[in-house]
Structure formats: C-alpha cells, structure tokens
Amino acid sequence: MVRLRVCPFSVVVFFGTAAYLTYQLRNKNTQKRGGDDDNNDGTESKQQAASTSSSTSGPCQVVFVLGGPGAGKGTQCQLLQERLSGWKHLSAGDLLRAERKKGGELGDLINSRIAAGALVPSEVTCQLLLNAMNETSEQKFLIDGFPRSQENLDAWNKTAAASGNVQLEFVLCLTCPEEVLTGRLLERGKTSGRVDDADLSVIRKRYDTFGKETQPILDYYKAQGGDLLKQIESDQSVEQVYQQIVVLFEKI
C-alpha cells in the first residue's frame, strides 16, 4: 500500500488558507446561515489537518522557477521532471487555470484576474500548491511561477518558517528579451487556447505586472547572497538552456 509523504509546511498553509477558500466557494444561502457554519468549518479544518499531519513526512527540497511570460519556465521544468529522478513539476499557473475551468465563484475570480493579466490572491495559489503537494509522494519540487509578488513571498516565508522543514535550494530565473517573449506568446496563443497569450494588450499587462511585482522578488533573493539566485538566458534552443540549468542541480 502506497503511503503519501506530505511536505510539513503544507499543514501550516492549510490553516491560513482554508477560511479564505471556504468564503470564496460558499454560496449566498450558505453565507446567510452565519456563525454555525463557521464553527462547523473550523471543526472540519481541524479534522483534515489532523489527518494530514498523521501521514509520513520529511524535509522538502524546493526550487522556485521564475521568469517573464514566455521565458520557457514550463518547458524546462517538464524536462527536469522527465530527466532528473525525484523532481516534481508544479506550475502555479497551470493549477490556477485548471481550477478556473471548474467554474464557481473561485473559478470566476481566477478567470477574471488571469484575463486581466493580474495576479491571483496568494491564499488561493498557496492552497492549490498545497493540494498538489499532498497528492504526490515526491519530496523535491520545481515550483514554476511562484512567488510572483511580495504577497506570495510573505506567505511563503510565513509557512516555511513555521514548518522549519522546507529547504529552498535556489531560485532559477530565466531571462529573455521582451520582443522574443512576445513572439513566443503570440505563436503559442494560436494553439494554447489561452486568452492571455493571444491578446497583445494582455501580454503587455503581464510584462508590466512582472516588472512591478516579480522583479522586486528577484532583487530580494539576489540580496540574500550565497548565490541563491541563478539566472540563465533563455533566448537559446531548449536543449542549450537545459544543459546550463541541469548543472545547477548536480550541485545540490
């Protein structure tokens, strides 16, 4: 019988995000029931957390993979997952898009933010990452597209510090000229079905968001020293970029 191993910080994230998600998904009639439902939600959350904490746990290794839209984050993470033993690719963007397709209030919220080229609330992103980590026995994670903002970073630091069992190995940033990224996104938009790839105005908003929200996060990690931030130019062939990245993992 396979036993799932859960990253220890997942339980902490759960407490901080369960209330938010319950609020988003509860319909108007449920909201009218008031305090009784709040008490029930609290009891259910405690039961779920207790169940999670009883699973086999161990230290988690994490690599954050960041870069502008179209930089090749997903492509490189998929290659690393396929070629390196034990590494699991988790895409924050893919998890959000999958949730959006499910519909409902939470799906509508995610859909509106993505369509506008804006960031989704950290509580939502963290909870979806938590769910994905709970569904695998792997202990090494390539987290693609997170943290993208100070809010994301604050949520990560709070949960990671609380667990004390998450090791951030390094932050990988893929850099690429904006004109190259624009061409990649427009080409991808022809087949991806993603509204944020096909609309040039939305693409530009995504660049603006990256510059305003994510670049300060890269600056933060660079200031930490110890060569924590690794930057690779991704305006090369997929294989050329991969060969430069895989060397970084050999040093872990």
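Reader: What should I know before reading values?

Author: The model is predicted, so to speak with care: local features need pLDDT of at least 70, side-chain atom pairs count only at pLDDT 80 or more, and totals for chains, interfaces and linings use all residues. Residues are numbered from 1 along each chain as its sequence is written, and side-chain values use heavy atoms, with hydrogens and water left out.

Reader: How many helices and strands does the protein chain have?

Author: Helices (H or I, at least four residues) and strands (E, at least two) are DSSP runs, numbered from the N terminus. Here there are 12 helices and seven strands.

Reader: What share of the protein chain is buried?

Author: Buried means under 20% relative accessible area, exposed over 50%, partly exposed in between (1.4 Å probe, protein chains only). Of the 252 residues, 46% are buried.

Reader: Which residues touch the most other members of the largest nonpolar core?

Author: A nonpolar core is a set of buried Ala, Val, Leu, Ile, Met, Phe, Trp, Tyr and Cys residues joined through side-chain atoms within 4.5 Å. The largest has 25 residues; V62, F64, F146, V171 and Y221 touch the most other members. At least two residues each come from β3, α7, β5, α8, β6 and α11. Another core, of 24 residues, lies apart from it and includes V63, L172, I232 and F249.

Reader: Which residues of α4 are buried?

Author: K73, Q76, C77, L79 and L80. Their directions, taken from the helix axis to the C-beta atoms, fall within an arc of 160 degrees, so they line one face of α4. Contact means heavy atoms within 4.5 Å. The cover over these buried residues includes β3, β4, β5, β6 and α12.

Reader: How is empty space found?

Author: Rolling a probe the size of a water molecule over the atoms shows where empty space is left. On a 1 Å grid over the protein atoms alone, a pocket is an open set of points where a 1.4 Å probe fits, with protein on both sides within 12 Å along at least five of seven lines; lining residues have an atom within 4 Å of a point. Volume is the space filled by probe spheres set on the points, which are joined across faces, edges and corners. The largest pocket has about 860 Å³.

Reader: Which residues lie nearest the centre of the largest pocket?

Author: P69, K73, R148, R194 and R206, out of 42 lining residues. The largest share of the lining, five residues, comes from α5.
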